Amino acid sequence: GQEKNIRPGTLPVPLIVGFGETVKLAYQHDMEEIHYIKNLRDQLLIGLQSNIPNIIINGDMDSRLDGNLNISIPNINGEALIMRLGKISVSTGSACTSSIIAPSHVLKALGLSDELAYSTIRFGIGRFNTNKDIETAIELVSTVVQKLKNNRKTQQKENNHELIH
């Protein structure tokens with residue numbers, strides 16, 4: 001063995017240089033991808049905020065995965081919203097708690113009430129998403145939220161009418 005019996009053989013310098021270059025390229029690519037995904041997330045948030053008043057952002061925008069957007073829409077049931085979205089995939093919580101009906105313990109730890117926790121949806125944005133995907137999500141979520149709000153107002157009027165009679 002060479003090198004004081006630590007390892008045998010001669011270091012493969014071309015492979016070492018190649019590996020170093022690969023790491024450098026991967027890092028540059030990752031930084032570009034992170035920037036792209038973060039821009040899509042911010043575009044989604046701005047679009048939703050401009051169409052839906054009172055959106056609550058859950059968590060810190062700087063200390064999160066760049067492709068994650070978790071919001072609460074007061075007075076909108078997250079499950080009802082998700083069932084009507086169709087074209088886009090969103091969730092009411094993390095994948096590891098998708099079978100649990102209770103409000104997310106993470107959202108509760110952030111200080112959300114049960115009602116707001118149940119009004120929460122989570123978007124996951126990745127490298128294969130496009131600006132068109134984000135525009136579609138903004139339009140669809142905004143439209144469905146408005147329909148749910150209108151349905152709720154209609155139900156409240158009907159309930160008030162029944163109480164009066």
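User: Which residue forms a salt bridge with D114, and how far apart are the closest N and O atoms?

Analyst: A salt bridge here is a side-chain nitrogen of Lys or Arg within 4 Å of a carboxyl oxygen of Asp or Glu. D114 pairs this way with K108, with the closest N and O atoms 2.5 Å apart. The model is predicted: local features need pLDDT of at least 70, side-chain atom pairs count only at pLDDT 80 or more, and totals for chains, interfaces and linings use all residues. Residues are numbered from 1 along each chain as its sequence is written, and side-chain values use heavy atoms, leaving out hydrogens and water.

User: How many salt bridges does the whole structure hold?

Analyst: The search finds 4. One of them joins E21 and K24, with the closest N and O atoms 3.5 Å apart. Another joins the side chains of R41 and D42, at 3.0 Å from N to O.

User: Where do E21 and K24 sit relative to each other?

Analyst: Helices (H or I, at least four residues) and strands (E, at least two) are DSSP runs, numbered from the N terminus. E21 and K24 are 3 residues apart in helix α1, so about one helical turn separates them. E21 is partly exposed at 36%, and K24 is partly exposed at 44%.

User: What is the accessibility of R41 and of D42?

Analyst: R41 is buried, with a relative accessible area of 1%. D42 counts as partly exposed at 25%.

User: How many residues are in the largest nonpolar core?

Analyst: A nonpolar core is a set of buried Ala, Val, Leu, Ile, Met, Phe, Trp, Tyr and Cys residues joined through side-chain atoms within 4.5 Å. The largest one has 27 residues, and L44, I71, I73, L81 and F123 have the most contacts inside it. Two or more residues each come from α1 (13-51), β2 (68-72), α2, β3 (120-124) and α5 (131-164). The most come from α5, which gives 8.

User: Which residues does L44 contact?

Analyst: Contact means heavy atoms within 4.5 Å. Neighbours within four places in sequence aside, L44 meets L69, F123, I125, I134, A137 and I138.

User: Where is S91, and is it buried or exposed?

Analyst: S91 lies in the loop between α2 (78-85) and α3 (105-109). S91 is buried at 18%. Residues up to four places away in sequence aside, S91 touches I82, T120, I121 and R122.

How values were computed:
Buried < 20%, exposed > 50% of the residue type's maximum accessible area, 1.4 Å probe, protein only.
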